[in-house]
Amino acid sequence: MSNFLTRGLNICSNFAQAKLPTLLPTACELCGAGSGKRQLCPACAARLPTPAPSCPVCALPSPAGVLCGACLKHPPPFAATLAAYLYAPPVDLLIQAFKFRGRLSLAPLLAQGLQEAITARGAVLPELILPMPLTRTRQRERGYNQAQEIARWLAGRLEIPLLAQAVRRVGEGPPQSSLPWKERARNIRGAFLCSAVVAGKRLAVVDDVMTTGATATELARALKAAGAAEVVNWMVARTLPPAD
Ligand SMILES: [Zn+2]
Ligand SMILES: [Zn+2]
């Protein structure tokens with residue numbers, strides 16, 4: 001087959017794939033029921049766990065949504081954290097499929113949930129959106145940065161510039177998720193190198209999950225040290241700390 005024809009077929013098949021979601025009814029990502037043009041059926045969409053009233057700074061539960069004792073005592077370098085969902089079933093299943101099993105088609109679903117939370121809570125929009133960077137090794141292994149996929153979608157919808165290359169994550173310590181909670185802050189220290197373009201800017205850092213907050217804290221610290229005026233976190237989901 002000629003190169004021209006092969007290329008033509010590839011273009012056709014890419015076109016067909018790109019068009020499929022709009023031509024065919026979609027099956028719900030969670031239960032498989034018909035969901036029209038949406039990625040989740042209404043019943044599954046209603047089951048996604050949203051946070052109880054939370055501290056505006058760390059997004060952990062706090063009565064009546066007031067600033068929590070921990071943030072009052074040791075203010076983090078970020079000004080606010082907004083999480084669309086709790087990291088609990090079935091949101092965790094969606095995020096794991098998106099992050100570890102290459103289901104990039106879930107990015108719009110997760111990003112849209114985040115956008116709806118941003119709008120519903122009347123969050124002040126930043127000047128720049130920054131995806132949580134991965135180390136070069138991790139990005140090579142995974143083939144993509146899940147935070148960047150969500151950040152790109154949001155930046156497009158909100159018409160806010162995306163800063164994709166302004167921060168580098170250096171050091172190749174073990175993945176944060178492989179460590180006990182108490183060791184994560186030490187593992188991530190000094191992990192981010194920021195360029196001067198962040199100076200004087202109000203930034204939103206986008207990531208899929210905030211667990212201990214150690215990575216977000218270290219990034220915000222590095223951004224503030226590079227002159228950022230304000231850093232907020234926009235997270236798809238927030239993990240609750242283990243019960244003592
Ligand atoms: Zn469903
Ligand atoms: Zn707090």
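Leu-128 has Leu-203 in β5 as its bridge partner, and β2 and β5, which run parallel, are joined by four bridges. Two strands are taken as paired if DSSP finds at least two bridges between them, where strands (E, at least two residues) and helices (H or I, at least four) are DSSP runs numbered from the N terminus. This is a predicted model, in which local features need pLDDT of at least 70, side-chain atom pairs count only at pLDDT 80 or more, and totals for chains, interfaces and linings use all residues. Residues are numbered from 1 along each chain as its sequence is written, and side-chain values use heavy atoms, without hydrogens and water.

The open sheet has four strands in the order β1-β6-β5-β2, with parallel pairing. Because β1 and β2 (128–131) stand at the edges with a single partner strand each, one side of each is left without a neighbour in the sheet.

The largest nonpolar core has 36 residues; such a core is a set of buried Ala, Val, Leu, Ile, Met, Phe, Trp, Tyr and Cys residues joined through side-chain atoms within 4.5 Å, buried meaning under 20% relative accessible area with a 1.4 Å probe, protein chains only.

Technical notes: Chains are lettered from A and ligands numbered from 1 in the order in which they are written. Buried means under 20% relative accessible area, exposed over 50%, partly exposed in between (1.4 Å probe, protein chains only).
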